[in-house]
Amino acid sequence: MASVSDLAACLLPPLDDVVQAWLKEDIPSFDYGGAIVGNKKQAAVLYAKQNGVVAGVPFFDAIFKHLGCAVTWNVSEGDLIDLRGSTRVKVATVEGQARHILMGERIALNILARASGIATKTKKLVEIKEKNQWEGRIAGTRKTTPGFRIVEKHAMLVGGADMHRMDLSSMVMLKDNHIWSHGSITEAVKQARKLCGFSMKIEVECGSLRDAEEAISAGADVVMLDNFNPKDLADAAKTLKAKHKHVLIEGSGGITEATVARYMCKDVDILSTSCIHQGTSHIDFSLKIAKPADTSPMNLEELE
């Protein structure tokens with residue numbers, strides 16, 4: 001897997017389009033508060049107020065770059081914040097026109113808080129995987145927030161998980177509704193292969209060992225054993241791997257931080273779960289402009 005420092009290179013540069021959309025949502029007409037503070041140059045300190053994994057740095061940077069501000073970081077993407085008994089730690093400084101700092105403040109903080117929460121939760125599951133010496137992959141799902149998927153998927157990578165498919169164009173996944181609508185697993189897989197060709201994988205959601213056998217016989221590359229209990233998942237995966245070593249076996253459904261270790265077995269290649277990005281707690285950050293008496297570079301240090 002690429003190092004955390006390389007992950008920003010995966011993002012389509014520049015991020016101006018998505019940043020512009022976020023700003024337009026927050027400022028549909030007038031920025032009244034921005035007019036009050038004006039264009040004077042100021043500095044603001046970014047504080048982390050909880051322990052966790054830092055994620056979302058490329059988006060934070062892109063927002064303030066778009067607004068003509070400069071960000072200087074004391075930490076890097078993927079670093080673990082440890083307050084060590086303090087109430088907050090300084091993680092970055094943003095410099096620029098006051099109204100531009102405040103224009104980007106809430107959007108940037110929301111993204112950093114959300115991304116860091118996902119990366120922190122993800123890292124916990126990855127640590128469980130490592131503790132159990134399981135060689136498979138922890139993966140997220142496509143159950144992401146509309147319009148915010150790129151941030152949430154990026155945060156999964158920072159936390160050490162697999163993103164799973166990015167979108168409907170990334171891989172063919174035939175779920176129960178596809179099968180019921182088309183009529184059979186076999187016919188659905190054959191039709192999918194005609195459409196997607198040789199270069200794309202086909203995954204089939206299966207509710208039983210029989211379904212999985214049919215999917216593999218029809219040409220599926222990945223079978224998802226959905227809502228199996230841990231013992232049944234292990235037994236089914238062992239049976240399938242004995243006959244079809246080339247097929248990837250994914251377990252999904254009911255997998256949480258509390259239960260994930262029970263699903264880890266040598267014949268399962270992937271455990272996917274939305275618990276790393278749905279309902280996860282945010283990591284608290286704040287961005288504070290220096291008070292008037294503290295505007296000199298020397299006194300900025302007192303904000304730490």
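## Salt bridges

This predicted model holds 10 salt bridges. One of them joins the side chains of Glu205 and Lys175, at 2.8 Å from N to O. These partners come from distant parts of the chain, 30 residues apart: Glu205 belongs to strand 8, and Lys175 to the loop between strand 7 (172-174) and helix 6 (176-182). Glu205 counts as buried because its relative accessibility is 13%, under the 20% cut-off. Lys175, at 29%, counts as partly exposed.

Helix 9 contributes to two further pairs. Asp235 and Lys231 form a salt bridge of 2.8 Å (N to O); both lie in helix 9, four residues apart, or about one turn of the helix. Asp235 is partly exposed at 38% relative accessible area, and Lys231 is exposed at 58%. Lys241 meets Asp269 in a salt bridge of 2.9 Å (N to O). That pair links distant parts of the chain, with Lys241 in helix 9 and Asp269, 28 residues away, in the loop between strand 10 and strand 11 (270-272). Lys241 is buried, with a relative accessible area of 13%.

Five of the five residues of strand 9 (residues 222-226) are buried, so the strand is largely enclosed by the rest of the structure. Val222, Met224 and Asp226 point one way, while Val223 and Leu225 point the other.

Strand 8 (residues 202-206) runs parallel to strand 9 and is joined to it by four bridges; Cys206 has Leu225 as its bridge partner.

How values were computed:
Residues are numbered from 1 along each chain as its sequence is written. This is a predicted model: local features need pLDDT of at least 70, side-chain atom pairs count only at pLDDT 80 or more; totals for chains, interfaces and linings use all residues. Side-chain values use heavy atoms; hydrogens and water are left out. Buried means under 20% relative accessible area, exposed over 50%, partly exposed in between (1.4 Å probe, protein chains only). Helices (H or I, at least four residues) and strands (E, at least two) are DSSP runs, numbered from the N terminus. Two strands pair if DSSP finds at least two bridges between them. A salt bridge is a side-chain nitrogen of Lys or Arg within 4 Å of a carboxyl oxygen of Asp or Glu.
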